[in-house]
Amino acid sequence: MKRILPFLSLLILSACAPEDDYSIPESSVDPGVETNMDLQAVLGLFFQDQERVVTFDQDLILEAYVVSSDEAGNFYKELVVQDKPQDPTAGINIKVNMGSYYQFYNFGRKIYINLNGLSVGLANGVAALGVAEGQQIVNIPQSMVSHHLTRSSEVVEIEPKVIQASEFNDNLENLYVQINNVQFNKLLTDPQRTATYAAEQNDEFDGERLVESCKGDFPFILSTSTYADFAALKLPSGSGNVRGILTRDFYDELYTIYMNFPGDIDFGKSPRCDPEVVDCGLATSTGSKILFEDDFSSQKNNKPVEGKGWKNIIQEGSRAWEAFTASGANASLGRSARMRPSGSGDSRSISWLITPKINFDTNSGEVLSFKTSTSLANGSFMEVLISTNWDGMEENLLEAEWKILPSAYVAQNNDFFGDWISSGLVDLSCISGKGHVAFRYTGSDHSYYNGIYELDDVMITAE
């Protein structure tokens with residue numbers, strides 16, 4: 001454990017007596033506290049020391065603004081603060097052994113933090129302030145909370161920092177943010193079985209709900225404690241904006257948003273933005289006539305997929321679908337196609353692999369099948385689409401109407417990364433005209449979104 005030795009003159013912060021019945025006595029003046037530290041510097045010391053626990057031995061005092069609330073039960077003994085009410089640059093999670101802290105340290109309240117005797121470390125993947133026990137950060141005892149945290153008389157309006165899910169990164173953790181133009185996945189808002197925030201049978205500690213972008217950005221997870229007062233409320237069905245604290249999930253596997261109140265979701269005025277789909281269901285068998293197939297065995301390793309009528313188009317970024325061969329736990333099927341943005345430096349990667357044109361009018365009983373594997377998808381994703389009005393020209397790709405084939409199963413992040421998973425027999429018999437089937441990858445070189453998708457044994461048959 002690293003300890004910070006005295007290097008500034010000591011400033012003594014008077015302890016406040018516990019307030020009876022959680023009342024909030026208002027004051028017209030601040031308690032006369034001088035600051036000699038800021039939150040950005042605290043985090044800088046911590047990360048400079050390679051994220052090892054840093055303990056403070058002197059009265060280093062900083063100011064911050066409360067951006068979390070435990071009033072609705074979605075935060076428990078975790079008080080999140082940030083350095084500024086608008087355009088913040090640093091935030092931290094303070095561990096406090098104190099319930100109903102919102103009655104003392106309410107949302108928007110400016111507080112002063114005396115770091116003497118406290119430590120900064122990682123807790124569930126984010127920077128946290130509390131008491132060190134070895135390399136763990138535990139709660140500040142309730143008897144000491146008022147010594148370390150002093151309320152100002154000032155309560156300000158907190159302006160959420162507007163970001164996109166594609167911008168999620170460690171520097172934005174513990175900040176109060178807003179993501180615009182989003183909605184819950186439509187499977188969660190089916191009128192016949194609308195999901196709750198966190199009261200489903202498989203919700204053990206938190207309910208994790210997929211939120212999708214209406215503007216083509218990355219999806220993300222909204223987390224709600226099963227103990228939250230609003231856990232049993234139904235998810236809103238429209239689209240709009242989400243506000244909350246950007247943090248990590250309990251296992252430090254992904255970024256997630258925790259909101260303070262259900263009112264932090266504003267979906268009341270905008271309709272949903274679901275993409276159009278074509279769903280003929282699943283077929284029971286393939287046909288004997290092969291309209292298109294490729295197992296990529298004729299492709300050149302580590303080169304873009306080409307030939308056989310494929311269109312390999314980079315919409316954003318610099319990486320195309322390429323052929324590869326691998327053995328081991330994530331082996332290819334001989335030779336396969338994959339898309340991976342890692343090492344590209346691309347802030348966003350969207351790449352299409354599109355079949356040649358299929359005539360659905362001169363055939364019947366068409367069936368699509370393929371296999372996918374992820375080699376860890378992280379936050380990236382792959383979709384299967386079809387268009388019957390694309391002219392095959394790259395410059396007109398986004399002018400065409402592309403519809404999702406929802407019956408086609410694509411390997412997910414929670415599938416074992418070494419498995420090759422069948423799409424199922426995707427029925428295309430309800431489609432008319434001439435069309436192209438596309439495999440579209442969306443990711444980036446960011447460590448959270450740089451997952452790998454692999455594709456093989458693509459086949460389209462007819463009767």
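The structure holds two disulfides, a disulfide being counted where two cysteine sulfur atoms lie within 2.5 Å. The model is a predicted one, in which local features need pLDDT of at least 70 and side-chain atom pairs count only at pLDDT 80 or more, while totals for chains, interfaces and linings use all residues. Residues are numbered from 1 along each chain as its sequence is written, and side-chain values use heavy atoms, with hydrogens and water left out.

Strands here are DSSP runs of E with at least two residues, helices are runs of H or I with at least four residues, and both are numbered from the N terminus. Cys 214 has a relative accessible area of 25% and is partly exposed; Cys 273, at 28%, also counts as partly exposed. In these terms, buried means under 20% relative accessible area, exposed means over 50%, and partly exposed lies in between, as computed with a 1.4 Å probe on protein chains only.

A disulfide also joins Cys 280 to Cys 430, again with S to S 1.8 Å. Its torsion about the S-S bond is about -75°, so the disulfide of Cys 280 and Cys 430 is left-handed. This pair links parts that are 150 residues apart, with Cys 280 in the loop between β17 and β18 and Cys 430 in the loop between β28 (426–427) and β29. Cys 430 is partly exposed, at a relative accessible area of 48%. With bonded cysteines counted along the chain, the disulfides follow the pattern 1-2, 3-4.

Ser 239 is found in strand β15 (residues 239–248) and is buried, with a relative accessible area of 6%. A polar atom of the Ser 239 side chain lies 2.6 Å from the backbone oxygen of Pro 271. Apart from its neighbours within four places in sequence, Ser 239 is in contact (heavy atoms within 4.5 Å) with residues including Cys 214, Asp 266, Pro 271 and Arg 272. Gly 216 is placed in the loop between β13 and β14 and is partly exposed, with a relative accessible area of 39%. The C-alpha atoms of Gly 216 and Thr 442 are separated by 9.1 Å, although these residues are 226 residues apart along the chain.

The aromatic residues come next. Rings of Phe, Tyr and Trp (its six-membered ring) pair if their centres lie within 6.5 Å; planes under 30 degrees apart count as stacked, over 60 as edge-to-face and the rest as tilted. By this rule the count comes to 19 aromatic pairs. Phe 370 and Phe 439 form an edge-to-face pair, at 5.1 Å centre to centre and with 80° between the planes. Phe 370 lies in strand β24 (residues 367–373) and Phe 439 in strand β29 (residues 434–443), so the pair ties together parts that are 69 residues apart in sequence. Both Phe 370 and Phe 439 are buried. The ring centres of Tyr 441 and Tyr 453 are 6.2 Å apart and their planes are at 65°, so this pair is edge-to-face. Tyr 441 in strand β29 and Tyr 453 in strand β30 (residues 453–462) are 12 residues apart, and both are buried. Ring pairs also link Phe 292, Phe 296, Trp 310, Phe 370 and Phe 439 into a cluster.

Helix α1 (residues 39–48) has Leu 39, Val 42, Leu 43 and Phe 46 as its buried residues. They cover an arc of only 90° around the axis, which puts them on the same side of α1; the arc is that of the directions from the helix axis to the C-beta atoms. The buried residues of α1 pack against strands including β2 (54–56), β5 (91–95) and β8 (126–133). Just after α1, Gln 50 takes a positive phi of about 60°.

Notes: Polar contact = N/O pair within 3.5 Å; in protein donor to acceptor, adjacent residues only side chain to side chain.
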